[in-house]
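Reader: I would like to go through this structure with you and ask what stands behind the words used for it. Could you walk me through the terms as we go?

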Amino acid sequence: MIAKIIVDADLCIEPGVSNKYRFLYDILPLISSKIYMHTHALGEVMMPPSAVSQLNDLVNDGKIEIVNESGLDAKDRVIFDAAYRSLESVMIDPNRPNKNKGEVCSLAYAKATGIPVFATDEMNLQPIIDSKLNTGMDDITCIRIVDIIGKAHTGEVDVPRKLCKALWAIAGKKKEVFDNSVWPI
């Protein structure tokens, strides 16, 4: 199990698409003992209604802690602001200032508070994090759905294969790929 993660909005949407199968609600607590989400990222999850519902249930049940920079002490706030400015320079378009803001706020918060894992489904974010934030101290690693399944396959997180395969399928990925290369039988 991963000690602490901060979750991005996009990771909540695909696993949260089903009312019948509450993958978001069921799987996130199996991955990490302490889950955080920045208020801006939370506000980005508006659809589908089942994802919003599962996310609200996770928050109401105390399984996700909603955070923002206003609660940081002065030292951590300086780190947050510096990380935010560094990421903002490459991730936020002044013509679309809210695009990627959830990721930037979440990553800056993670850097300021020592949260080592950013749960996202963004494919090309790790190189930006490596160049803008990771210095060898309090580094941040992205974990995507495929990585979560990989950690389950190796036993690092306790998510059964059947649940991983269902998560893979509900995320719109091919079951044959799962069976042949992600987690072969």
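**Terms and values**

Author: The protein has ten helices and five strands; helices (H or I, at least four residues) and strands (E, at least two) are DSSP runs, numbered from the N terminus. This is a predicted model, in which local features need pLDDT of at least 70 and side-chain atom pairs count only at pLDDT 80 or more, while totals for chains, interfaces and linings use all residues. Residues are numbered from 1 along each chain as its sequence is written, and side-chain values use heavy atoms, with hydrogens and water left out.

Reader: How do you know that the protein agrees with a compact globule?

Author: The radius of gyration is taken over C-alpha atoms, and the globule rule is 2.2 Å times the number of residues to the power 0.38. For 185 residues that rule gives a value near 16 Å, and the protein has 16 Å, so the two agree. Its C-alpha trace spans about 50 × 35 × 35 Å along the principal axes.

Reader: What makes Phe-23 buried, and is Tyr-21 buried or partly exposed?

Author: Buried means under 20% relative accessible area, exposed over 50%, and partly exposed in between (1.4 Å probe, protein chains only). Phe-23 has 7%, so Phe-23 is buried. Tyr-21 has 44%, so Tyr-21 is partly exposed. Of the 185 residues of the protein, 43% count as buried.

Reader: Why are the rings of Tyr-21 and Phe-23 called stacked?

Author: Rings of Phe, Tyr and Trp (its six-membered ring) pair if their centres lie within 6.5 Å; planes under 30 degrees apart count as stacked, over 60 as edge-to-face and the rest as tilted. The centres of Tyr-21 and Phe-23 are 5.9 Å apart and their planes are at 15 degrees, so this pair is stacked. Phe-80 and Tyr-84 also form a stacked pair, with 6.1 Å centre to centre and 25 degrees between the planes. These two are four residues apart in helix H5 (residues 74-91), which separates them by about one helical turn. Phe-80, at 3% relative accessibility, counts as buried, and so does Tyr-84, at 15%. The structure holds four aromatic pairs, and Trp-168, Phe-178 and Trp-183 form one aromatic cluster.

Reader: What makes Lys-173 a charge over the face of Trp-168?

Author: A charge sits over a ring if NZ of Lys or CZ of Arg is within 6 Å of the ring centre and within 35 degrees of the ring normal. Lys-173 lies over the face of Trp-168 at 5.7 Å from the ring centre. Likewise, the charged end of Arg-22 sits over the ring of Tyr-25, 4.8 Å from its centre.

Reader: What is meant by the largest nonpolar core, and which residues touch the most other members?

Author: A nonpolar core is a set of buried Ala, Val, Leu, Ile, Met, Phe, Trp, Tyr and Cys residues joined through side-chain atoms within 4.5 Å. The largest has 36 residues, of which Ile-5, Val-7, Leu-28 and Ile-149 touch the most other members. Helix H2 (residues 23-31) gives the most to this core, with six residues. A second, separate core of 24 residues includes Val-67, Ile-115, Ile-140 and Cys-142.

Reader: How do you know that helix H6 has close to its expected span?

Author: The expected span is 1.5 Å times one less than the number of residues. Helix H6 (residues 101-113) has 13 residues and reaches 18 Å from its first C-alpha to its last, close to the 18 Å expected. H6 is mostly covered, with eleven of its 13 residues buried. Just after H6, Gly-114 takes a positive phi of about 75 degrees.
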